[in-house]
Amino acid sequence: MHSMTKSDLTPAGSGSALRGLVGDTPLLHVSQPFTEPGRGFWAKLEGFNPGGIKDRPGLHMVERARARGELQPGARIIESTSGTLGLGLALAGMVYGHPVTLVTDPGLEMSMTRLLTAYGAQVNLVSEPHPTGGWQQARRDRVAKLMEQHPGSWCPDQYNNPDNTTAYTPLALELATELGHIDVLVCSVGTGGHSAGVSRVLQQLYPDLKLVGVDTIGSTIFGQPARPRLMRGLGSSIYPRNVAYDNFSEVHWVAPAEAVWTCRQLATSHYATGGWSVGAVAMVAGWLARTLPADTRIAAIFPDGPQRYLGTVYDDDYCSAHGLLDSPPAPEPEVIGRLDEKEVTRWTRCTTVVDPLTLNSEGRNADVLELAGAAEADSEETA
């Protein structure tokens, strides 16, 4: 096991000291038991940021909004979140002197609520789902109401904010510097921010680079029907406009039991793991490392660490109650030729990726498509 460590920090003042905690995250080589000796992939451990990968866009979106004058000094930041971006915004509020209100729902782990509160954010909980838009629309409605109550407040709108994508340029450059060359990049997809931002830079540096997206079953991002989703951290109920569909060479959907098995294997073999997104990404990256030529250089982004998942992914009672234990993934994914060919329920791969809003399936509900630019995703990766 090889690793590269965070560089020395040389802050100049409290704000700079906090800002300097983000970035230069470690790189870990992952091999057995996911691949045979001599093969493997490189995992970028974004969980080593104070709050995870979303510290990067949390800070960047605030910095850019301040520079443009959209966010005035001392104005309140209000956003809907399922956790990780909330941590990033709490950090940004601390660095730049903004009060932060985060709107969430009962699906947020109590440990995350306590952590957000400890970092000075106000957590505003919606108690009932919207009758047609679910928790997503209920949270959006609450954000709108709170912004009316706080004149001059600002909402990042991470799902459509291009700054959510450009925030990941430093991450891409870190990978390029550390690895020298990259053939394949594996990313989970929620808002589409980090997959779009990192791939945009790396595909300029390495024109032949292939981007592999990882989604959850029950997510609409890549043209599947919306279903209740157990996994938080990837997936969406709508079509975030930050998703760079043209950049993807293929997409894989992963089921919760498959992610749990991989998370636990990763923990016992590499002393590094994370949540649902990490398990899903590691499973796909491991398969790529087994099946592509041995000299293929594969980079995978692990968005967070395991801490917030101790009551879910790493809790035997929770996993048993949801039928997630003792379910190793199949050695190969199922393959479909078109994103909406059929509803997927296990690890599945498709090598033809298009914007699902361009698909013309029979029976597709036009009313659902109208939600594309408006609703928010119901997952940690997108929040």
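Helices (H or I, at least four residues) and strands (E, at least two) are DSSP runs, numbered from the N terminus. By this assignment there are twelve helices and twelve strands in the protein. The structure is a predicted model, in which local features need pLDDT of at least 70 and side-chain atom pairs count only at pLDDT 80 or more, while totals for chains, interfaces and linings use all residues. Residues are numbered from 1 along each chain as its sequence is written, and side-chain values use heavy atoms, with hydrogens and water left out.

Of the 383 residues in the protein, 55% are buried, where buried means under 20% relative accessible area, exposed over 50% and partly exposed in between (1.4 Å probe, protein chains only). Contact means heavy atoms within 4.5 Å. Among contacts between residues at least 6 apart in sequence, 71% join residues at least 24 apart.

Strand pairing was examined next. Strands of a sheet pair through backbone hydrogen bonds, either parallel or antiparallel. Two strands are taken to pair if DSSP finds at least two bridges between them. Strand E2 (residues 27-30) is covered on both faces, with Leu 27 and His 29 buried on one side and Leu 28 and Val 30 buried on the other. E2 and E3 run antiparallel and are joined by four bridges. Within this pairing, His 29 stands opposite Trp 42 in E3.

An open sheet is formed by three strands in the order E4-E5-E6, with parallel pairing. Strand E4 (77-80) and strand E6 (122-125) are the edge strands, each pairing on one side only. On average, neighbouring strands of this sheet are turned by 20 degrees against each other, direction ignored. Axes are lines fitted to C-alpha atoms, for helices over the stretch in contact, and angles run from 0 to 180 degrees between N-to-C directions. Four bridges connect E4 with strand E5 (residues 100-104) in the parallel sense, and the bridge partner of Glu 79 in E5 is Leu 102. Helix H3 (residues 84-96) lies across E4 and E5 and runs at about 170 degrees to E5.

A further parallel pairing, over five bridges, is found between strand E7 (residues 184-188) and E8. Here Leu 185 has Leu 211 of E8 as its bridge partner. E8 is mostly covered, as six of its seven residues are buried.

Helix packing is illustrated by H9 and H10. Two packed helices are described by the angle between their axes and the distance between the axes. Helix H9 (residues 256-270) packs with helix H10 (residues 276-291) at an angle of about 85 degrees, and their axes are 7 Å apart. H9 is therefore roughly perpendicular to H10; angles under 35 degrees count as roughly parallel, over 145 as roughly antiparallel, 65 to 115 as roughly perpendicular and the rest as oblique. H9 contributes Pro 256, Glu 258, Ala 259, Val 260, Thr 262, Cys 263 and Leu 266 to the contact, and H10 contributes Trp 276, Val 278, Gly 279, Ala 280, Ala 282 and Met 283. By class, ten of these residues are nonpolar, two polar and one charged (Ala, Val, Leu, Ile, Met, Phe, Trp, Tyr, Cys and Pro count as nonpolar, Asp, Glu, Lys and Arg as charged, and the others, Gly among them, as polar).

Four aromatic pairs are present in the structure. Rings of Phe, Tyr and Trp (its six-membered ring) pair if their centres lie within 6.5 Å; planes under 30 degrees apart count as stacked, over 60 as edge-to-face and the rest as tilted. The pair of Phe 41 and Phe 302 is edge-to-face, because the ring centres are 6.3 Å apart and the planes stand at 65 degrees. This pair links distant parts of the chain, with Phe 41 in strand E3 (residues 41-45) and Phe 302 in strand E10 (residues 298-302), 261 residues apart. Phe 41 is buried at 0% relative accessibility, and Phe 302 is buried at 1%.

Phe 222 and Phe 248 also form an edge-to-face pair, at 5.3 Å centre to centre and 85 degrees between the planes. Phe 222 lies in the loop between strand E8 (210-216) and strand E9 (248-254) and Phe 248 lies in strand E9, so the pair ties together parts that are 26 residues apart in sequence. Phe 222 is buried at 0% relative accessibility, as is Phe 248 at 7%. Together with Tyr 245, Phe 222 and Phe 248 form one aromatic cluster.
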